[in-house]
Amino acid sequence: MRIRIIAAVILAAALPLTACSSGEAKAAATPQSELACSSSKITHMEWLKRCQAEESKAKAGDGKPAKETSKQPLGVGNSATFTFTDSYTEKKTTFRVTVNEVKYVGQSAEDDTTSPAEGQYVRLGITLKNTGQNQAHLLTYGLIEWEDADTAAQDATTLNIPEGPQLDTKYKPGQAVTGKLILDVPERGGVLNYIDGSGFTVKLPK
């Protein structure tokens, strides 16, 4: 009789352990595709496949949408603002550009255009002012493209340096430079796009 009682006690004590083991096995057997992205049991490969994109979308939705700068082409006398990030400090600031002159020019020493153009020389006169809070080293060489309705974007910058202040320099907050650029475009008309930061566009006359 005593032996039967002891056996019953041992069996009763073992039942919770068996149930617990069965529950753990069931949890371990849960398919990776059904695990939550926050689960500690999800594999790295499964997280990359299923959760990374969701997390990126969630982060993108946390911030306010960036205000888009208008790309309405500028003519002489027009101004616009654009955002700019210094490539050295990675700090953002804001610039204001004003178009002072857009003129097709020929060969002259004043404009450093003594050699023939590949297409047509354009003298672009602008004023750039740092209206933001951080210093920025702005460059234009290799960052101005020409295009029209039929021709895809083409680099329009040259190494020709006209007389006067240079636009490619460091701008502290509040500082401005009024200068000129000599560009080489395939033909008259079309637009010039400054492609760094949010950029700006200048319309060329026919």
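Me: Which residues lie nearest the centre of the second largest pocket, and how many line that pocket?

Reply: In this predicted model, 13 residues line the second largest pocket. E118, D155, T157, T158 and D184 lie nearest its centre.

Me: Which elements give two or more residues to that lining?

Reply: They are β6 (154-155) and β8.

Me: What makes a residue count as part of a lining?

Reply: A lining residue has an atom within 4 Å of a point of the pocket. For the second largest pocket, 13 residues pass that test. They divide into four nonpolar, six polar and three charged. The volume of this pocket is about 160 Å³.

Me: What volume does the largest pocket have, and which residues lie nearest its centre?

Reply: Its volume is about 230 Å³. T140, T158, N160, Q166 and L181 lie nearest the centre, in a lining of 16 residues.

Me: Which strand gives the most to the lining of the largest pocket?

Reply: Strand β8, residues 176-185, does, with four residues.

Me: How do the residues of that lining divide into nonpolar, polar and charged?

Reply: Nine are nonpolar, five polar and two charged.

Me: Why is a space called a cavity and not a pocket?

Reply: A pocket is an open set of points, whereas in a cavity the 1.4 Å probe fits but cannot get out. The count by this rule comes to one cavity of 30 Å³ or more.

Me: Which residues line the largest cavity?

Reply: The lining is made of F82, I126, L128, L138, T140, I144, L181, Y194 and F200. Eight of the lining residues are nonpolar, one is polar and none is charged.

Me: What is the order of the strands in the open sheet?

Reply: The four strands run in the order β6-β5-β9-β10, and the pairing is antiparallel.

Me: Why is one side of β6 and of β10 left without a neighbour in the sheet?

Reply: Both β6 and β10 (200-203) stand at the edges. Each has a single partner strand, so one side of each has no neighbour in the sheet.

Me: How do you know that β9 and β10 pair?

Reply: Two strands pair if there are at least two bridges between them. Four bridges join β9 (residues 191-194) to β10, so the two strands meet that cut-off. They run antiparallel.

Me: Which residue in β10 is the bridge partner of L192?

Reply: The partner is V202.

Conventions. Residues numbered from 1 in each chain as written. Predicted model: local features only at pLDDT ≥ 70, side-chain atom pairs only at ≥ 80, totals over all residues. Heavy atoms only, no water. 1 Å grid on protein atoms, 1.4 Å probe; cavity = no way out; pocket = protein on both sides within 12 Å on 5 of 7 lines; lining within 4 Å. Points joined across faces, edges and corners; volume = space filled by probe spheres on them. Nonpolar A, V, L, I, M, F, W, Y, C, P; charged D, E, K, R; others polar.
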